[in-house]
Amino acid sequence: MYNKNKMKYAISNGCYMLCLEKMYISCHRYIIEGISNLMKKFSKLFSYYSIIFAFTFGLINIIFCIGNFAPFGDVSLAYDDGYWQYMDFFSYYKSVLEGKQSIAFSMSTGLGMPNIALFSYYLSSPWNLLVVLFDIDRLHSFFDMVIALKLSTAAVTFSYFLNSRFSNKLNKLLVLALSVTYAFMQYNVSQSTCTMWLDGVYMLPLILLGIYRIVNFGSPVLLSLSVALAIIFNWYSAGIDCIFSVIWFGYEFAIARKQSDTFTMDCKKIFRYIWAMALGVAISAPLFLPTVKTIMNATRGAADRNVFRNEFLGNIVNVICGYTIGATSTKGMLSVFCGGGVLIGVIGFFISTTVSRKTKIATGIVLLICVLSCYYQPLFGVFSMFQIADSYYYRFSYVVCFALIYTAALFFYSINQSDLCIGFFSEMVKAVIIYLIFVFAANYVKPYTEDKYIYITAVYILGLLILFRMLIDKDTSYTKKNVYIYMACFLVVLEMSYNASVLMKIYSSFDVPAFKNYQIQQADLISAIKNGDDGYYRITQTSARRGDINSLANLDESMGFGYWDIGSYVSSPVANQISFMEKIGYRVYGSRLVEKAMVVLPVDSLLGVKYVLSPYEYKDLQCRRDLGIGNGKSVYENAYSMPLAFKINATQSFSRDEQNTYVYQNELFNFMFGGEGDLYFPAQYTVEDGNNERCFWFDVPYGKYSLYGNIPYSNEVGAQLDLNGKNGIGYAVVHSLNNFYVQVDEGEKAYVLLKTADLQAFGEPVFYYLDLNRLNECTAMARENAAHIINMTDTNMQFEIEGHIGESLFVSVPYDEGWKIKINGKDIIPNTIENLLVMVPLEEGNNIITFRYSIPYIREGIVIFLVSVIMLIAWKKIISNSLKGRNYNL
């Protein structure tokens with residue numbers, strides 16, 4: 001009995017194990033096959049999109065090579081702000097990635113600023129990480145390569161949009177041609193110097209595809225993640241994408257809505273869209289929240305009400321005139337050239353009989369809004385992110401190009417045999433002829449581009465029309481149709497490549513060799529200073545890469561070369577800092593540029609400027625010939641330079657509204673150093689008027705004095721100043737100074753000669769002598785009361801000083817919410833000079849003062865990020881369960 005039970009148990013157990021083994025084998029095979037199929041599918045997709053990326057990237061590099069662009073030649077797309085700003089920003093970012101500078105707070109930006117907003121606007125694109133592979137004298141090569149990579153990425157995301165939006169039913173070759181069109185559209189080349197905006201271009205198709213999915217399937221994942229990544233890569237262009245997403249949601253909503261849909265169903269779709277967008281913003285919170293906080297303290301941290309003026313910026317018909325090869329966008333003249341293929345597709349879409357009326361109306365409304373956004377000021381202001389955009393016009397016009405290319409794709413997707421008839425073709429030909437006649441006539445009346453480019457545009461369009469006619473011929477064989485498709489796509493790619501090459505010649509600079517030479521010499525000069533002086537100080541200069549005294553916007557070299565300066569040019573500088581720089585005598589241009597083309601000796605000395613790089617002589621400074629000459633600039637040492645931290649007899653904050661900078665400086669120095677004597681006193685002068693000139697004469701007193709002046713002007717009429725025969729500068733021109741320095745000798749008859757065609761534009765001048773003996777007394781007091789600097793970096797500072805009640809430690813570092821300041825281990829909120837420079841009230845005896853900087857609201861941003869990710873995962877799970885059995889990839 002026992003043996004029988006044992007045998008029965010063994011048989012039962014064996015069967016059980018056999019079943020388990022079969023189940024395991026089946027499951028294993030299922031899993032392996034599933035993974036294999038998934039890998040094959042992924043590999044196939046990856047291979048396809050890799051081809052599109054490689055094809056586009058290869059085309060751009062061919063254009064670079066033929067056009068002699070870096071890295072193959074001496075031309076670069078880094079022109080205008082790309083040259084003035086971004087070269088130095090990329091050099092700064094390279095040093096950040098190498099651990100030499102900080103994103104949190106940088107003493108190289110102006111007087112010192114939190115740089116999280118600068119990072120998230122200019123530098124946070126993932127492609128910028130490649131800057132570590134390039135030397136600072138090869139930044140043009142990096143700049144051009146980043147543009148190529150971003151445009152290639154745009155081709156990939158747009159092709160993914162087309163394949164997904166049209167369920168892989170578009171011809172793959174057509175998808176390639178349209179994707180190259182999106183990559184090479186007019187906007188991408190003309191605005192390529194603002195390379196950070198191109199991140200919004202390649203993220204837009206993913207955001208809009210996310211809207212399609214949330215409207216039709218309720219899936220939030222792609223929309224939320226795309227919005228989050230777009231904001232992280234560049235919040236400004238992401239803002240444009242999000243604004244356009246509202247229009248696109250309305251479009252997809254209208255197209256998808258059925259008569260049977262209820263009000264509740266409509267509300268659910270609207271709620272899903274809003275909630276998915278909100279989750280996307282929330283996921284970006286670790287970067288976006290600190291950025292918003294920083295921008296709120298900036299000069300342009302609020303919307304400008306002037307953007308809503310009820311006016312038009314030009315004739316809306318000009319959008320047709322601008323649709324040619326080589327056309328550029330200026331105020332009132334929009335160019336959104338996307339090639340002849342897109343033009344034919346858009347025309348075909350609206351005359352097609354197979355496209356539903358609802359789709360035509362919805363698409364037409366989108367196109368109308370897009371075009372109006374470039375001509376109607378309130379819409380223009382909204383898409384310009386609620387700021388006056390007085391440069392780089394139509395910085396959002398890539399959404400117009402997207403809408404045009406999508407419309408063409410919609411036509412090619414919906415076309416069928418009933419459209420492919422001679423009557424349909426004749427209507428298309430009529431529309432194209434009307435367009436060409438209009439363009440030729442408009443250019444004849446008011447030339448806006450070269451005639452040859454209009455002729456070339458016409459040739460491409462007519463060539464495509466001929467191929468289209470052959471395609472719709474019923475007698476054309478299948479093989480020939482494929483050949484014609486190949487030829488048409490080749491023509492589209494050739495046309496867009498040619499237009500890109502034409503525009504690149506317009507939007508480029510030709511100074512790559514000069515830039516390389518400048519970078520090398522400037523780096524050597526800065527290294528010579530630092531190697532000879534390992535203290536803590538600021539360095540400033542009176543000329544930059546352009547070499548002249550009124551260097552246009554080259555004010556960020558301190559960031560690029562890693563030294564501490566005063567001037568800066570960033571889009572959203574700290575408002576208090578800009579206000580202070582104006583008060584102490586520097587020109588602030590456009591609320592964001594602090595011009596630094598001449599030394600204002602007292603305030604430079606107060607702020608710790610010890611070295612000045614200048615191509616012209618400064619009598620009041622010592623020329624350090626031992627440090628050499630670079631780029632025509634010598635190094636001058638400031639004997640009046642004060643320590644960056646010293647003790648003063650004051651405990652109350654200081655703020656004045658005085659408009660006269662010389663009176664203001666007197667009040668500031670008297671507050672900090674006491675005494676009865678002023679730094680400045682008015683200079684007496686006589687005036688002689690001549691033919692388009694006015695001369696101011698001075699009898700310079702005996703003693704150690706310098707002369708400073710300011711001749712107010714009502715507008716930039718253009719003038720020249722002869723400063724006592726020692727120097728000459730442009731005045732009342734773009735980026736010129738207000739206050740200027742005149743080199744004089746004691747007892748001489750000195751002069752300032754103003755030459756201009758419009759003397760009436762200039763007001764009553766202000767001239768003051770600077771008492772260098774009084775400045776020397778202040779410097780001696782500052783040095784005598786200097787703190788011992790234990791450590792001083794961008795984000796970590798420590799000072800030690802003996803003090804008494806009623807005294808404060810003045811530190812020429814701007815105060816910010818991110819600073820945690822302690823004195824002898826106790827937290828303290830310091831007093832300030834002009835709500836900017838730090839004053840720490842001292843305790844009796846020895847004082848240890850520490851500064852630690854951390855990015856404000858980054859912890860809160862991380863918490864919001866984690867909660868948002870959890871919510872998105874939960875939402876995805878719910879949607880996945882509801883879509884079980886449906887062949888759809890979330």
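1. Start with Glu311. Its relative accessibility is 30%, so Glu311 counts as partly exposed (buried means under 20% relative accessible area, exposed over 50%, partly exposed in between; 1.4 Å probe, protein chains only). Arg309 is partly exposed too, at 34%. The two side chains meet in a salt bridge, N to O 3.0 Å (a side-chain nitrogen of Lys or Arg within 4 Å of a carboxyl oxygen of Asp or Glu).

2. A note on the basis. This is a predicted model: local features need pLDDT of at least 70, side-chain atom pairs count only at pLDDT 80 or more, and totals for chains, interfaces and linings use all residues. Residues are numbered from 1 along each chain as its sequence is written, and side-chain values use heavy atoms, with hydrogens and water left out.

3. Glu807 and Lys647 form a salt bridge at 3.7 Å, N to O. The pair links distant parts of the chain, 160 residues apart: Glu807 sits in the loop between β22 (796-803) and β23 (808-814), Lys647 in strand β11 (residues 645-648). Helices (H or I, at least four residues) and strands (E, at least two) are DSSP runs, numbered from the N terminus. Both Glu807 and Lys647 are buried.

4. Arg656 pairs with Glu667 in a salt bridge; the closest N and O atoms are 3.8 Å apart. Arg656 lies in the loop between β11 and α24 (661-673) and Glu667 in helix α24, so the bridge ties together parts eleven residues apart in sequence. Arg656 is partly exposed at 34% relative accessible area. Glu667 is also partly exposed, at 28% relative accessibility.

5. The structure holds 23 salt bridges. Salt bridges also link Lys94, Glu98 and Lys100 in a network.
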